[in-house]
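Let us take a friendly walk through a protein fold, one piece at a time. Have the picture open as you read.

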Amino acid sequence: MTTPAFGLLGQNIAYSRSPQLHALFGNSHYARFDVNASDMEALLASTAWRGLNVTIPYKTKAFSMCDEVSDAAKRTQSVNTLYRLPDGRLFGDNTDWVGFETLLNRFESKLTVEESLSRNALVLGTGGAARTAKAVLESHGYVVVLVSRRGPFTYDDLPKARATTLIVNATPVGTLPALDETPVAKETLSSLPRLLGVIDLIYAPKKTRLLLDAESLGLQAINGLGMLVGQGLAAHTAWGLPTPIGGLEAVEAQLQNQSQHVAIVGMPGSGKTTLGRALAETLNRPFVDTDEEITAKTGKTPADWIRERGEAHFREVESQILCDVLGRVSPSVVATGGGVVTVPKNLDYLKGTSYVYYLTCALEALALGDRPLSQRAGVEALFRVREPYYLAAADEVLAGDETHRVLEAMLPSARRFQFPHP
C-alpha cells in the first residue's frame with residue numbers, strides 16, 4: 001500500500017478537519033495517520049512521505065526526534081510540522097505559532113485601549129499546544145500561568161486569578177463527541193471580574209460548552225478553526241506547495257460550513273423530514289430524523305413516550321438522542337422534533353454544532369397525525385410558546401407552505417455546505 005505524500009500524525013484524530021482543509025488548499029494527497037507511539041516512530045523513520053502535520057499526543061515526541069528545528073519549535077519544545085531537508089535530515093517547525101497568533105490578534109482587535117493595557121492570561125494544559133500559546137502570549141506582553149490538574153497552579157486555584165483577562169483552552173476537553181464537557185465551569189468564568197474573553201483551540205464542535213458559557217456571559221468567544229487554517233497554510237507553504245488562491249478567512253468560512261451539521265427546526269408537521277431528506281440527497285450527506293432515531297434506539301415513538309411517561313421525561317430522552325446525533329464527527333442533515341428547542345441545553349447543542357434553519361408553515365397546513373401535544377394543547381397555543389425558541393435557534397428562516405418551494409429557495413444558500421472536489 002502506498003503511503004500518502006502528506007498527512008496528519010496523531011492519535012484518536014477522526015474528528016480532525018485537516019484533510020478537508022488541505023483539499024481546500026489544493027492538496028488531494030493528504031491523509032490521517034492515526035497511530036500508536038511505536039508506529040509513530042516507524043512512520044517518522046520512513047521516507048515515504050513528503051510532509052506531515054503533528055497533533056496530540058506527539059508534538060513533544062516529534063520535537064525530540066528531529067535533526068534540526070525552527071526557532072519557534074525551540075522556544076516551545078514542540079513540533080507540529082515536519083519535512084525532510086535536501087540531505088534527508090528531519091526538520092521540525094512549529095507553525096502553530098502563526099496559527100495561534102491569528103486567534104490572539106482577533107481577540108486583541110476587539111479590545112478598547114483601556115482593556116488592552118491589562119494582559120493576564122491563563123492557559124489550560126501543559127502539552128505542546130499550551131506551550132505554544134504561552135510563548136506567543138508572552139511575546140505579546142502577557143503574564144501567563146499554565147493550569148494543570150497537578151499544579152503548581154491547578155483548576156482549584158482558578159477563582160484566585162481575579163486579574164485574568166484571557167483564558168486559553170489548550171486541552172482536548174470539549175472535543176466531539178463530548179458536547180457537555182468543559183474544563184472550566186460557567187460559575188468560575190463569572191467569578192473572574194476582569195475576564196474579557198476565552199479562546200478555545202478546539203474547532204470541532206464550532207462552539208464548545210466553554211465557548212457557549214463565555215458567550216452567555218458577554219465575553220469574547222473564539223474557537224480554534226482560525227489556528228487550524230493559519231498553521232495549515234504555513235505548513236503547506238513550508239512543504240513547497242503552490243500558494244492557494246483566496247484569503248485565510250474565506251478558507252476558514254468554507255471549512256466551517258463543510259464541517260458543521262445542517263439542522264432544521266419548526267413546528268410538528270411542517271415538513272422538516274421531507275425537506276431534510278431532499279437536502280441531504282442534494283448535499284450528499286447522511287440524513288437523521290431525531291424522532292425516528294428515538295424510535296430506533298428506544299423501541300418507542302415520541303408519542304408513546306409522552307403518553308406513557310409524560311413530556312418532561314420524553315424531553316430528557318430527546319436531549320440525549322440529540323446530543324448523540326450532533327456529537328457525530330460526520331456532518332449530517334438533521335430534522336428535529338417540534339419541541340426540541342424548548343429545552344435550553346438543546347439550543348446549545350444546536351448552536352454549538354450546526355447551521356440551523358427554521359422552517360415555517362401556515363398553522364392550518366400542519367399535519368397533526370399522532371402528535372399528542374398538538375392535539376392536547378392546540379397548534380396555535382404550541383406555536384405561541386415555541387416560535388421565540390425557533391427564532392433564537394435559527395441562523396436562517398425559511399418561509400413557505402410547500403416543501404418543494406422552500407427547498408428551491410434554500411438551495412442557493414445550502415450549496416455553501418457542499419464539499420469541493422479538487
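Two strands count as paired if DSSP finds at least two bridges between them. In this predicted model, strand β3 (residues 51-54) and strand β5 (residues 81-84) meet that rule, since they pair in the antiparallel sense over three bridges. Within this pair, Asn53 stands opposite Thr81 in β5.

**The sheet**

Strand β5 also has a partner in β6 (residues 90-93), and these two pair in the antiparallel sense over four bridges. Thr81 turns up again here, with Asp93 as its bridge partner in β6. Strands β5 and β6 form a hairpin, and five residues sit between them. In that turn, Gly88 has a positive phi of about 95 degrees.

What is the order of the strands in the open sheet of six? Reading across, the order is β2-β1-β3-β5-β6-β4, and the pairing is mixed. The edge strands are β2 and β4 (68-69), each of which pairs on one side only.

A parallel pair is found between β1 (residues 6-10) and β2 (residues 30-34), joined over five bridges. To get from β1 to β2, the chain passes through helix α1 (residues 18-24), and this β-α-β crossover is right-handed. One of the bridges links Gly10 to Asp34 in β2.

| Strand pair | Sense | Bridges |
|---|---|---|
| β1 (residues 6-10) and β2 (residues 30-34) | parallel | five bridges |
| β3 (residues 51-54) and β5 (residues 81-84) | antiparallel | three bridges |
| β5 and β6 (residues 90-93) | antiparallel | four bridges |

**Two buried residues**

Now look at Thr171, in the loop between β9 (166-169) and α8 (186-190). Is Thr171 buried or exposed? Its relative accessible area is 12%, and buried means under 20%, so Thr171 is buried. The side chain of Thr171 makes a polar contact with the side chain of Asn169 at 2.8 Å. That side chain of Thr171 also reaches the backbone nitrogen of Val173, at 3.2 Å. Not counting residues up to four places away in sequence, Thr171 touches Leu124, Gly125, Tyr155, Pro183 and Ile202.

Gly197 belongs to strand β10 (residues 197-200). With a relative accessible area of 0%, Gly197 is buried too. Leaving aside neighbours within four places in sequence, Gly197 is in contact with residues including Phe107, Thr165 and Leu219. How far apart in space are Gly197 and Thr243? They are 46 residues apart in sequence and 33 Å apart in space, C-alpha to C-alpha.

**The nonpolar cores**

Finally, turn to the nonpolar cores. The largest one has 50 residues, and among those with the most contacts inside it are Leu21, Trp239 and Leu350. Which helix gives the most to this core? Helix α15 (residues 311-326) does, with seven residues. Leu350 touches Ala263, Val265, Leu326, Thr336, Val341 and Val356, not counting residues up to four places away in sequence. Apart from this core lies another, of 25 residues, which includes Ala133, Ala135, Tyr142 and Val168.

Key: Residues numbered from 1 in each chain as written. Predicted model: local features only at pLDDT ≥ 70, side-chain atom pairs only at ≥ 80, totals over all residues. Heavy atoms only, no water. Right-handed = clockwise from strand over helix to strand, strands pointing away. Buried < 20%, exposed > 50% of the residue type's maximum accessible area, 1.4 Å probe, protein only. Polar contact = N/O pair within 3.5 Å; in protein donor to acceptor, adjacent residues only side chain to side chain. Contact = heavy atoms within 4.5 Å. Core = buried A, V, L, I, M, F, W, Y, C linked by side-chain atoms within 4.5 Å.
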